[in-house]
Amino acid sequence: MSMIVPLDSQPDAAIERVLDAAFGPDRHGRTAYAIRDGMSWLPELSFAALDEDGGLIGTLQSWPVALVLEDGARMPLIMVGPVAVLPDRQMGGHGRAMMDAVVATARARATEPLMMIGDPEYYGRFWGFGAGDTWGWDAPGPFEKRRLLALSVDGRSIGGTGMLGPRIAVSA
Ligand SMILES: CC(C)(COP(=O)(O)OP(=O)(O)OC[C@H]1O[C@@H](n2cnc3c(N)ncnc32)[C@H](O)[C@@H]1OP(=O)(O)O)[C@@H](O)C(=O)NCCC(=O)NCCS
């Protein structure tokens, strides 16, 4: 069993090592990185999985993003991911434990809807993420429609047509 702790308890270099091991060093070109370009991850919705000795074996980060609708309005969203577990520790329940933590925390806080690019066979099966509400969404890079997933945590409807991007504060 892993222990789940806030990600900001872990050094940045250790987090980067887990991400490189899970995704490879060329991971920065992925569309998910472009969606949250320039944003910092949200400490209250980002988690680490530790082994019995306190070693870092998994990371999950969440980011403030938005869907810019056709009329220019912005629908705030929280992008979950990357979800990463060290290759030799995968399939041990660590990904599920980190995802359980972020979904439970988001529900408890009634946050903005969660979204991610990921496998529906995993994120749909365990937490109910689906691509049904994201068909009108575009992203600043290639992606598979079926892997663009969303989950409302407070019952609000999602949907909409627009372009995903970082949640840049617009000054009044
Ligand atoms: C995907 C990942 C986060 C899952 O975490 P994990 O700790 O290895 O997996 P868990 O132990 O929590 O879950 C295992 C279960 O989920 C299933 N599962 C895991 N990854 C899956 C996937 N990509 N698609 C479908 N099912 C998957 C397993 O078959 C297993 O099911 P079972 O319990 O019926 O046997 C992890 O394998 C990983 O880091 N992979 C490489 C990076 C990646 O692809 N990240 C996701 C994109 S953000």
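**Reading cores, pockets and burial in a predicted model**

Reply: Methionine 99 touches Leu60, Val80, Val83, Met116, Tyr123, Trp127 and Phe129, leaving out residues up to four places away in sequence; contact means heavy atoms within 4.5 Å. The model is predicted, so local features need pLDDT of at least 70 and side-chain atom pairs count only at pLDDT 80 or more, whereas totals for chains, interfaces and linings use all residues. Residues are numbered from 1 along each chain as its sequence is written, and side-chain values use heavy atoms, without hydrogens and water.

Me: Which residues have the most contacts inside the largest nonpolar core?

Reply: A nonpolar core is a set of buried Ala, Val, Leu, Ile, Met, Phe, Trp, Tyr and Cys residues joined through side-chain atoms within 4.5 Å. Buried means under 20% relative accessible area, exposed over 50%, and partly exposed in between (1.4 Å probe, protein chains only). Here the largest core has 25 residues, and Met99, Leu114 and Phe129 have the most contacts inside it. Two or more residues each come from β2 (47-50), β3 (56-69), β4 (74-85), α3, β5, α4 (120-127) and β7 (148-151). The most come from α3, with six residues. Helices (H or I, at least four residues) and strands (E, at least two) are DSSP runs, numbered from the N terminus. Apart from this core lies another, of 14 residues, including Trp63 and Trp137.

Me: Is threonine 111 buried or exposed?

Reply: Threonine 111 counts as buried because its relative accessibility is 10%. Threonine 111 is in the loop between α3 (94-109) and β5 (114-117). Beyond neighbours within four places in sequence, its contacts are Leu45, Ile78, Ala106, Val153, Asp154 and Arg156. Isoleucine 168, in the segment after β8 (162-166), counts as partly exposed because its relative accessibility is 46%.

Me: What is the volume of the largest pocket, and which residues lie nearest its centre?

Reply: Rolling a probe the size of a water molecule over the atoms shows where empty space is left. On a 1 Å grid over the protein atoms alone, a pocket is an open set of points where a 1.4 Å probe fits, with protein on both sides within 12 Å along at least five of seven lines; lining residues have an atom within 4 Å of a point. Grid points are joined across faces, edges and corners, and a volume is the space filled by probe spheres set on the points. The largest pocket has a volume of about 820 Å³. Its lining has 34 residues, with Phe23, Val83, Asp119, Tyr123 and Arg147 nearest the centre. The most lining residues come from β4, with seven.
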